[in-house]
Structure formats: structure tokens, C-alpha cells
Amino acid sequence: MAVSIHEARNAVLEHAAVLGSEEVGLDEALGRALAEDAAAPNHVPPFDASAMDGYAILAADTASGAARLELIGEAKAGSEAGVTVRTGTAVRISTGAPVPDGADAIVPQEQTTAEDATVVVDGVVPVAKHVRPAGEDILAGSLVIHAGSVLGPSELGVLASLNIPRPMVVRRPRVALAGTGDELTDPGKPLAPGGIRDSNGPALGGAVHRAGGDLVARVRVGDDLEATVSVLRAALRDVDMLITTGGVSVGPHDHVRPALKRLGFREVFAGVKLKPGRPTTFAINEEGTLVFALPGNPVSALMAFRLFVVPALDAMLGRERVVHPTMATADEELPGARGRTTIVRCRSSLQDDGWHVRPTRSQDSHILTSMLGIDALALVPGDRDAIGAGEPVEIEFVA
Ligand code: AMP
Ligand code: MG
């Protein structure tokens, strides 16, 4: 029995468990979920630092509105002045340099005139002016990034400033990709009569990579049950997820479902009330390995990947993705199909009255170019033959 998109997604999320963790360098940590809380072992900044290029002084020396101070040293970023500022003296200082002992304020260079070994300060400088106190950004001991947070560029920067060069993150799902079909030929190889290019391999390989999966194997098998069993068995070795394309319909040469059964997999659902992508099948085994058997048509495969595999990969990666339902106005009629949700590939635009979508060209499931340049999917419900131009429709944005 075919299930709805919603039921299918929930079933997937029920079985996609967050994976274990591993330590990685900051350069490999982008997009990964932090596996443990990150606390600050030290203050950031670690010392009182100057926020300006200028002079470190005693604020009290400027109380009269002007001061002539003796220049006794210099503090550069990365080195201390090594002298103590006492009344009547100043130390030249750069942005980010430690404020020297004794000094309690920084006067910016623009507010001074330097004359040989003296500096003339114009105006009153308040205590603590232009001093970045130690710990102003992060206090030692505080919890800075919670476990489960996804590491973006700013999180990587904060981890570096906490001196955590190798954070514990959730490991990436190991994914194998298996294309089925006698007709499939790699790009660059001669095409036999009746042959077509394997476009799902590169397209889904890229999709796995983009969704944070670790593509460990990409294999292909012809339309033969025994061969399918043995190729899938090999592809399943040491992976968290297998994605197959093609051979999952009801034709005499569709062997994926019987092969999966032979390999000990149980179908959670076989078929989704969806267009394109109806034959999409999801199965699991005792070890918790997930199999997505996607249809062969390139558009169907990519749509099903987006709707079901991406949420599974997110869950395994420990990333929570909240899909906010968004409504848009259809600028052209969007085709529907009775009893199934139709996913229409669209381009969106933001106008004065909100989002608008316009379908790309022919929406047939073999028209791969209908995917080019899309940034939104419109969901036409199964109780509508079409959504008319000017009518509202639910959309999901795609990256
Ligand atoms: P199937 O799901 O095996 O019945 O395939 C449905 C359609 O998708 C057929 O026209 C296949 O030739 C095509 N197809 C299957 N696999 C691929 C692939 N890897 N790349 C491009 N087209 C494919
Ligand atoms: Mg086939």
C-alpha cells in the first residue's frame, strides 16, 4: 500500500538514528553536528587588549582636558610592552596588543600629536576607554556551543578561539550508490544501440555529497536477479545506507525488491502517493542499515532523494532541519494528479505580496532539464487536477 509523503517521511525519521561520533580537524568540521558541549578553557580575549591604534595611558592624567606624556615603550599585537605605565607616561599600542601594566585607558592616535619622545593628548579620556577586557567575548568556564549545534564558519572560528582544534562531531553516514539497468553506460564510453547515459550516478553522487553523506561506493548492475543480489550484497558491506536507482517498479526486469528481500531487508514502505517518484521503496535490516530504492527516472530519483533521503541523512548526521511550510502564488497553472501529490519543479521570486512560483519546462519524469535552475518545489495535493494561475500553493525551497 502506497503511503503519503508525510507518512513516508515520518517512517524514515523513525528509523534514521543519529550515528556515533569522531574527532575531526576544524578544516573538516564544516556542516557537522557537534557531539559534545564546547566549554571555554580560557577567557576570550585572553588578556585586556587595546581596541585601537594609539597610546596606553592613565585616564587620570587627562582630567584637565589635555596632557603631555612621556613615551616609554611600545606594545604590539603579539608582544607585551614590558614596562609599567605610571602617571605622566604613555606606551604606544596597536589594536589587539595587551594593555601594559598600570595603564587603564587607550587614547586613539587620532586624538594625539606625537613629538619625539612625548605625546600630546587632546581631551579627557575616561577610564577603560577602548580597552577590550579579558573574557568580554567568552568567559572561562562558560558553555559556548551546545552539543547538536551544526558547525558553520562562525562556530569553527569560536572553536579555534577556545583552543579546540579537533572537536568531536557526529560521523558522516557511509553511503553506497547502486544503479540498475542493462541500458546504462558511463559518460565518455561508446553507447551501444539502446544504451543511455547513466545520469543518476553522478547526479545522486553529488546529492549524497551535498547532503553530508560519505559516498564510499558507486556500483552498477544489469537487470538480472542473481547479479543484483550479489552486487547489492557487496555494496552493503560496511555502509549505513544503500541507495539504488531503477528496477523497483513492477516490470519483469525489476529485481531490486526481490533482491533486497533475499538480503534480509524488510520493507517499511513500498510506494509513495507521489508524482514523480511513486515506486520509491524504503527498507531496513536488523543492523539498522537503511536502503532507499529509488525509481530509475532521473527526475523521480532526485525528487525522492530530496524528499526522503535528505531528511534521513540529516537525522543520521544529528542535524535537525525544520521545514517551514511556505505558501506561494502560482504564476502559471501547475499540473496535479488525482490521488498523488505532484511535485512541480519551479523557480521562485519574492514580490510585494509574497512568494511566487513558475514551473520550469515539461514536468515529465524523464525531462531532467526541468531540474535545471530550480529553487523551489510546489506540492500540488492529490485532490486537485491542477492549481490554477493566481492560486496559492504550498512550496518547499531547495538548495
Ligand atoms: P526503471 O525504474 O528501471 O524502470 O527505469 C525508468 C527509466 O529511467 C528508464 O527509462 C531507464 O532507462 C531510466 N533510468 C534508469 N536508471 C537510470 C540512470 N542511472 N540514468 C539515467 N536514466 C536511468
Ligand atoms: Mg530499469
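This is a predicted model: local features need pLDDT of at least 70, side-chain atom pairs count only at pLDDT 80 or more; totals for chains, interfaces and linings use all residues.

User: Which helix gives the largest share of the lining of the second largest pocket?

Analyst: That's H6, with five residues. Helix H3 (200-210) is the other element that gives two or more residues to this lining.

User: What kinds of residues make up the lining of the second largest pocket?

Analyst: The lining divides into 13 nonpolar residues, one polar and four charged. Domain 1 (5-19 + 172-316) and domain 4 (326-397) each supply at least three residues of it.

User: How do you know where the largest pocket lies relative to the domains?

Analyst: Look at who contributes to the lining. Domain 1 (5-19 + 172-316) and domain 4 (326-397) both give residues to it, so the largest pocket lies between them. The space in it is about 610 Å³. Its lining has 25 residues, and Ile5, His6, Arg9, Val323 and Glu396 lie nearest the centre. Helix H1 (5-15), H6 and E28 each supply at least two of the lining residues, with the largest share, six residues, coming from H6. By type, the lining has 13 nonpolar, four polar and eight charged residues.

User: Glu396 and Arg306 have come up already. What makes their contact a salt bridge?

Analyst: The general idea first: side chains of opposite charge can pair when their charged atoms come close. The cut-off is a nitrogen of Lys or Arg within 4 Å of a carboxyl oxygen of Asp or Glu. For Glu396 and Arg306 the N to O value is 3.9 Å, so the pair passes the 4 Å limit.

User: Why is Arg68 said to tie parts of the chain together with Glu115?

Analyst: Their side chains meet in a salt bridge, at 3.1 Å from N to O. Arg68 is in strand E5 (residues 66-75) and Glu115 in strand E8 (residues 112-115), so the pair ties together parts that are 47 residues apart in sequence.

User: Are Arg68 and Glu115 buried, partly exposed or exposed?

Analyst: Exposed means over 50% relative accessible area, and buried means under 20%. Arg68 has 53%, so Arg68 counts as exposed. Glu115 has 36%, which falls in between, so Glu115 is partly exposed.

User: And why does Asp240 get its accessibility label?

Analyst: Asp240 has 13% relative accessibility, which is under the 20% limit, so Asp240 counts as buried. Asp240 forms a salt bridge with Arg171, and the closest N and O atoms are 2.9 Å apart. Arg171, at 25%, counts as partly exposed.

User: What makes Trp355 and Phe397 the kind of ring pair they are?

Analyst: Two steps here. Ring centres must lie within 6.5 Å, and planes over 60 degrees apart count as edge-to-face. The rings of Trp355 and Phe397 have centres 4.7 Å apart and planes at 65 degrees, so the pair is edge-to-face. Trp355 lies in strand E25 (residues 354-359) and Phe397 in strand E28 (residues 392-397), so this contact ties together parts 42 residues apart in sequence. Trp355, at 29% relative accessibility, is partly exposed, and so is Phe397 at 33%.

User: How many aromatic pairs does this rule give?

Analyst: It gives four aromatic pairs. Ring pairs also link Phe269, Phe282, Phe292 and Phe308 into a cluster.

Notes:
Residues are numbered from 1 along each chain as its sequence is written. Chains are lettered from A and ligands numbered from 1 in the order in which they are written. Side-chain values use heavy atoms; hydrogens and water are left out. Rings of Phe, Tyr and Trp (its six-membered ring) pair if their centres lie within 6.5 Å; planes under 30 degrees apart count as stacked, over 60 as edge-to-face and the rest as tilted. Helices (H or I, at least four residues) and strands (E, at least two) are DSSP runs, numbered from the N terminus. Buried means under 20% relative accessible area, exposed over 50%, partly exposed in between (1.4 Å probe, protein chains only). On a 1 Å grid over the protein atoms alone, a cavity is a set of points where a 1.4 Å probe fits but cannot get out, and a pocket is an open set with protein on both sides within 12 Å along at least five of seven lines; lining residues have an atom within 4 Å of a point. Grid points are joined across faces, edges and corners, and a volume is the space filled by probe spheres set on the points. Ala, Val, Leu, Ile, Met, Phe, Trp, Tyr, Cys and Pro count as nonpolar, Asp, Glu, Lys and Arg as charged, and the others, Gly among them, as polar. Domain bounds come from an automatic or database domain assignment.
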